[in-house]
Amino acid sequence: MKSIRMKIMLLGLLTLISVDQVSAFCGFYVAKGDLKLFNKTSQVIIVRDGEHTVITMSSDYQGDAKDFAMVVPVPEVLKESDIRVVQQYIFDKFDAFTTPRLVEYWDENPCNERVYSEMSAAPATGMAKRSMAFDIREEDKDDGVTIEAKYTVGEYDILILSATESSGLKHWLTANDYKIPSGAEEVLQPYITDGMKFFVVKVNLEKQKSLGVQTLRPLQIQFNSSRFMLPIRLGMANSDGGAQDMIVYAFTRKGRVETANYRTTKLPTDREIPEFVMSEGLFANFYRDMYGKAWANEGKNNVMLEYAWDESSQQSMHCDPCPTPPLTFAEVREAGVWWVEPDQYNGSYFGDLFITRLHVRYDRAHFPQDLMFLNTPDQSNFQGRYVVRHAATGSFDCAEGKRYKADLRMRHQKELQELAALTGWEVSKWSSYIGAASMPDPIIPEIPSLSDTGLPHLSSCPTCPIGSTMPMPRINKAGFLILPKTNAVDGDTMTDESTVAITPTGLINEKESLAVSEAFLQAGLAEAPKPLMSKRMWLLSIAGLMFIGGIIVRVAGRKPTAKSAANSQV
């Protein structure tokens with residue numbers, strides 16, 4: 001018999017990225033001087049229903065550049081109400097919720113009574129983040145560039161530009177002391193020909209300082225367009241020539257999202273791998289090399305499906321297994337999902353929701369076009385899942401134990417073959433694994449605490465009495481940081497969730513976040529194209545036409561009577 005004891009280990013894909021790389025949006029960076037900026041990995045949330053789209057772009061900046069900007073093509077001139085700053089925690093939550101996962105099982109010693117022990121989940125690690133800032137300077141030149149709009153949103157100065165030719169846009173950027181990446185001019189022209197605008201973002205240092213924001217927060221935009229797409233060609237303009245990775249979280253009402261102009265393939269999943277992959281800390285390397293091999297085997301021009309799940313409120317199972325608690329209304333609303341309704345009793349939501357996670361590794365040679373998406377009717381669930389089965393320990397003197405040891409050798413051999421097939425690794429150095437009759441007791445990580453979340457820690461409270469300590473912040477069910485207030489007189493701690501949380505983190509409280517999200521989404525939906533007739537009106541119209549058609553058919557097919565025949569002869 002095998003033990004049903006199980007543990008989940010999350011694979012944080014961002015931990016595979018070196019901290020000296022630049023994590024990018026789906027546009028490109030333009031920088032002052034001759035500094036070379038490379039963007040390697042980005043995360044994007046795209047919410048789509050009808051012709052309305054909400055895109056949220058993560059902003060984890062890495063590097064030494066002090067002054068830089070970002071350019072993203074958009075289909076229309078965005079209003080100020082179509083742009084807002086959101087909180088980074090939603091990317092962290094969606095990454096943890098949808099990431100490929102390692103599932104552990106422990107074999108039961110057939111000669112002994114099984115002993116249960118507590119389960120714990122391994123903490124997911126994240127990348128170190130460093131903020132960057134730059135000032136903004138504008139200079140009008142007759143380069144065929146028009147400033148359609150100008151806003152300051154949060155810590156960002158934003159321009160919406162239109163251009164008549166790529167060389168003019170290049171001249172405009174360089175005239176403002178920004179050097180665009182080599183090769184950017186040729187990829188700008190198709191967007192200009194297509195009539196698209198350019199969303200140019202720079203950081204306002206004074207605004208950033210006044211807000212107390214230490215890291216640059218994600219930007220969210222919304223617009224109406226008949227095309228369900230994501231621009232990636234500009235992102236390759238400042239690449240060093242190597243492939244870049246992008247994680248896309250797509251939210252729709254129903255059905256998984258796939259790419260229409262590139263093949264969508266599934267990540268290898270539900271494979272049993274050797275237990276030393278976890279015990280030696282090799283799982284991150286395993287996933288990186290397994291993904292790279294699968295990507296190369298598919299021709300390097302594919303988009304990999306890593307997760308697809310029906311997260312509608314009527315579904316009882318939201319993942320298998322679940323690495324984190326289910327998504328809350330506050331989290332999906334912050335991501336831009338406007339059609340779900342809140343469940344006042346448990347913080348969840350009512351309504352249809354399907355989540356797709358796509359992993360794109362792209363370069364100029366294999367991805368000459370932007371990503372065009374298709375919302376398919378496929379409602380089947382999928383997730384990247386890898387299984388480690390720990391061998392039983394103890395004595396195997398009984399007959400069942402001897403059979404178990406023989407089966408264990410064969411299983412270990414098969415796991416090594418699977419490891420080599422998935423990653424291309426040379427596994428001969430682990431040949432001793434086949435002869436292992438039992439393995440050491442599994443090491444179960446400690447439960448992660450708030451001290452691992454990267455939140456600011458204050459050893460003392462300036463307004464508290466001497467010797468008192470600062471009350472620890474906590475995170476509520478929606479993932480919002482709540483800092484208890486401290487009475488300056490007696491040091492008593494009072495929790496007030498209606499106040500704005502710690503300013504330096506850029507987090508705001510749940511009530512304010514939901515209010516801002518609602519205003520933002522309603523502003524965009526007010527401009528969304530409305531159908532000429534509702535679904536009910538269409539059905540009533542069709543029924544009416546069928547009724548009238550039936551009467552006409554009956555009248556036309558009626559046989560003439562004798563009297564009418566006589567009249568016709570006369």
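## Confidence

pLDDT is the predictor's confidence in each residue, on a scale from 0 to 100. The structure shown is a predicted model. Over residues 437-483 the pLDDT stays under 50, and the model has 96 contacts beyond four places in sequence for these residues.

For the protein chain, the mean pLDDT is 74, with 67% of the residues at 70 or more. Confidence is highest in strand 15 (residues 257-259), with a mean of 96, and lowest in strand 2 (residues 22-23), with a mean of 38. The stretch of residues 113-141 has a pLDDT below 50, and it makes 92 contacts in the model beyond near neighbours in sequence. Where pLDDT is low, the predicted coordinates should not be read in detail.

## Nonpolar cores

The largest nonpolar core comprises 67 residues, and F199, F286 and L371 have the most contacts inside it. Helix 6 (residues 283-297) supplies the largest share of this core, seven residues. Another core, of 29 residues, lies apart from it; I45, F91, F251 and F329 are among its members.

Beyond its neighbours within four places in sequence, L371 is in contact with residues including F228, M229, L230, I232 and M246. Its other partners include Y262, V303 and V360.

## Cavities

The model contains four cavities of 30 Å³ or more. The largest cavity has a volume of about 120 Å³ and is lined by 15 residues, with I55, P75, F223, M229 and P231 nearest its centre.

Of the lining residues, 12 are nonpolar, two polar and one charged. Strand 5 (52-57), strand 6 (68-74) and strand 12 (219-224) each contribute at least two residues to this lining.

Notes: Residues numbered from 1 in each chain as written. Predicted model: local features only at pLDDT ≥ 70, side-chain atom pairs only at ≥ 80, totals over all residues. Heavy atoms only, no water. Helix = DSSP H or I, 4+ residues; strand = E, 2+ residues; numbered from the N terminus. Contact = heavy atoms within 4.5 Å. 1 Å grid on protein atoms, 1.4 Å probe; cavity = no way out; pocket = protein on both sides within 12 Å on 5 of 7 lines; lining within 4 Å. Points joined across faces, edges and corners; volume = space filled by probe spheres on them. Nonpolar A, V, L, I, M, F, W, Y, C, P; charged D, E, K, R; others polar. Core = buried A, V, L, I, M, F, W, Y, C linked by side-chain atoms within 4.5 Å. Buried < 20%, exposed > 50% of the residue type's maximum accessible area, 1.4 Å probe, protein only.
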